[in-house]
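Subject: Structure handover

Hello,

Here is the structure, ready for you to open. My notes on it follow below.

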Amino acid sequence: MFTDNQLLPISALQHLIFCERQCALIHVEQLWAENVLTVEGRHLHDKAHDGPSETARDIRIARGLWLKSNRLGLIGQADVVEFHRGGVVRPIEYKRGKPKKDASDRIQLCAQTLCLEEMLETDIDEGFLFYGTRKRRTKVEFDASIRDLTMRKIERLRQMIEDRETPTARRMPKCEKCSLVELCLPDSQRFRNGVAAWNDRQFHCDDDVDDVPETDPFDIGLDLLEPR
Amino acid sequence: MKKHLNTLFVTTEGAYLKKDGQAVVVSIEKQNRLRLPLHNLDGIVCLGNIMCSPALMGACARAGVSISFLTPYGGFIAAVNGYSPGNVLLRREQYRRADDPDSTLHIARHFVSAKIANSRSVLLRAARDSRDAESKSALQSTAKLMMRNIRAARNATTLDSLRGTEGESANTYFSVFNQMMSNRVKGMEFTFRSRRPPLDRINALLSFLYSMLTHDARSACEATGLDAAVGFLHRDRPGRPGLSLDLIEEFRAFLADRLVLSLLNRKQIQARDFDVTESGAVLLKEKPRKEVLAAYQKRKQDVITHPFLNEKTTVGLLVHLQARLLARYLRGDIDDYPPFVWR
Ligand code: SF4
């Protein structure tokens with residue numbers, strides 16, 4: 001059992017799966033940078049969370065439901081949870097864009113489900129992801145393999161945060177769309193263990209007066225000087 | 001992360017800044033004159049008697065826009081910054097290193113050697129462009145002298161000797177500052193470096209731009225999670241932004257000094273643009289102040305390749321990148337801090 005101040009946010013799992021370093025920068029180092037993507041994502045969520053709870057025929061819809069599991073040490077919020085007559089529970093998560101290649105959305109939904117099961121003392125066998133571009137639901141079945149994967153990711157997340165570990169960066173194609181690229185500076189890793197040597201090269205200049213920087217077009221207008 | 005780094009400079013006395021949705025509105029005499037979305041801004045600099053609504057300060061704090069309140073001539077009064085990224089691990093590491101004499105010296109050496117190297121490059125660049133044979137050779141031989149200072153700074157064994165080297169090279173550099181000017185008019189000579197107050201026109205310009213740079217460095221530190229007050233070369237003194245001052249060392253000559261020279265050489269700023277008070281203090285008048293700020297802002301939009309990251313970036317982002325590289329070094333991601341050396 002975890003105490004309340006050991007709880008980790010469910011949303012961190014998504015960061016973890018996208019890039020472990022990104023996850024550590026946010027949740028270990030607590031750096032956070034907003035970019036258009038994260039802002040858009042939040043708007044979408046605000047909309048999903050905004051509406052009042054509704055009751056439509058046999059379904060009661062709860063929005064922005066807080067979730068917590070002391071057994072797993074997780075806390076989070078579900079976009080929508082449907083409570084069907086007869087005790088069936090269905091979590092639904094809204095996502096910008098189209099289905100991702102990785103399992104992050106399914107893992108997030110599964111983690112929510114694990115919390116819900118513990119809180120409601122029930123079993124939940126499926127839920128839905130709703131992708132903005134598709135405008136329809138994608139069913140997610142909570143079978144043994146996704147549950148197992150989710151548990152392993154939760155363990156990895158906890159280990160990383162408790163060890164205060166930030167994995168080193170590597171420039172990858174996905175860095176292009178990473179909201180933390182400007183803080184992560186993956187390119188600084190080019191000389192990871194050789195910055196001191198790089199510095200030596202920078203400062204290696206001799207008395208050569210032709211050693212003039214060329215990298216900057218800005219000039220101070222000295223060419224206006226007339227010979228005396 | 002912000003890429004555009006626009007700074008809103010407000011210089012009109014009595015202007016009132018308020019929040020309108022996610023935008024800042026500047027109103028002068030109850031008339032709304034300007035509306036800018038906060039997400040386009042990196043900082044707001046209020047020079048002189050400017051008012052700011054609490055709602056705007058709150059919105060800026062949340063949006064990561066730092067607000068500085070300065071005297072009309074750039075003297076620091078106060079700043080509004082939101083919660084910086086709650087990076088307690090980074091800050092602890094920063095304090096640990098600042099308390100450790102060896103680490104402090106190691107980091108401080110980088111700031112000073114880069115400062116001297118960049119000043120030297122400014123001299124050499126000016127020498128190359130100079131059409132005056134006498135100035136050219138004076139600038140070149142001074143640059144040679146400064147080579148020695150770079151070596152001394154890199155090998156300094158105490159903070160005091162490092163500061164000594166820094167002072168010596170500053171004197172050497174400023175001794176030929178006039179040689180980098182093309183219109184040597186009476187009253188427009190550089191005499192010696194005077195800060196509080198500036199005693200000649202060039203010092204007035206330099207001090208003004210250095211304080212703009214300090215504002216930028218301060219917000220870069222805050223945005224990165226570093227404590228802008230705890231420096232390595234500049235030791236703790238209440239009210240002094242030590243680390244911001246450390247970080248601007250790499251940029252003084254490259255950015256501020258060259259901008260001053262350009263404004264003077266192109267006669268954008270002239271002797272009549274200053275007030276000389278009875279006490280001898282020299283102050284930039286209001287209209288030319290705007291001109292200087294516009295030139296500074298424009299200069300910050302120029303694109304340059306970052307020597308270490310080998311990535312195109314704007315001149316304005318350089319100080320942010322250096323703050324982040326310092327943070328990455330303190331956190332142990334890279335084995336040393338690569339200062340900005342203009343090559
Ligand atoms: S920039 Fe690349 S390495 Fe760095 S956090 Fe983002 S995805 Fe990971």
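Two strands count as paired if DSSP finds at least two bridges between them. Strands (E, at least two residues) and helices (H or I, at least four) are DSSP runs, numbered from the N terminus.

This is a predicted model: local features need pLDDT of at least 70, side-chain atom pairs count only at pLDDT 80 or more, and totals for chains, interfaces and linings use all residues. Residues are numbered from 1 along each chain as its sequence is written, chains are lettered from A and ligands numbered from 1 in the order in which they are written, and side-chain values use heavy atoms, with hydrogens and water left out.

**First sheet of chain B**

In chain B, S7(B) and S8(B) pair in the antiparallel sense over four bridges. B:Ser68 has B:Ala79 in S8(B) as its bridge partner. The two strands form a hairpin with five residues between them. There, B:Gly74 takes a positive phi near 100°.

Both strands belong to an open sheet of four, ordered S1-S5-S7-S8 (chain B), with mixed pairing. Strand S1 (6–10) and strand S8 (76–80) of chain B stand at the edges with a single partner strand each, so one side of each has no neighbour in the sheet. From one strand to the next, the twist averages 15°. Angles here run from 0 to 180 degrees between N-to-C directions, and axes are lines fitted to C-alpha atoms, for helices over the stretch in contact.

S1(B) and strand S5 (residues 41–47) of chain B run parallel, joined by five bridges. B:Val10 sits opposite B:Cys46 in S5(B). Helix H6 (residues 201–224) of chain B packs on this sheet and touches S1, S5, strand S7 (66–70) and S8 of chain B. Its direction makes about 140° with that of S5(B). Contact means heavy atoms within 4.5 Å.

Strand S2 (residues 16–20) of chain B runs parallel to S6(B), with two bridges. B:Tyr16 stands opposite B:Met51 in S6(B).

**Chain A hairpin**

S6(A) and S7(A) run antiparallel, with five bridges. A:Phe130 has A:Arg137 in S7(A) as its bridge partner. Five residues lie between the strands of this hairpin, and A:Lys135 in the turn has a positive phi of about 60°.

A:Glu126 forms a salt bridge with A:Lys139, with the closest N and O atoms 3.8 Å apart. A salt bridge is a side-chain nitrogen of Lys or Arg within 4 Å of a carboxyl oxygen of Asp or Glu. Over all chains, the structure holds 30 salt bridges.

**Interface**

64 residues of chain B contact 55 residues of chain A. The area buried between them is about 5,700 Å², and carbon and sulfur atoms give 52% of this. Buried area is the accessible area (1.4 Å probe) that two parts lose on being put together, summed over both. Four salt bridges link the two chains. A:Asp200 pairs with B:Arg154 in a salt bridge, the closest N and O atoms being 2.3 Å apart.

Best wishes
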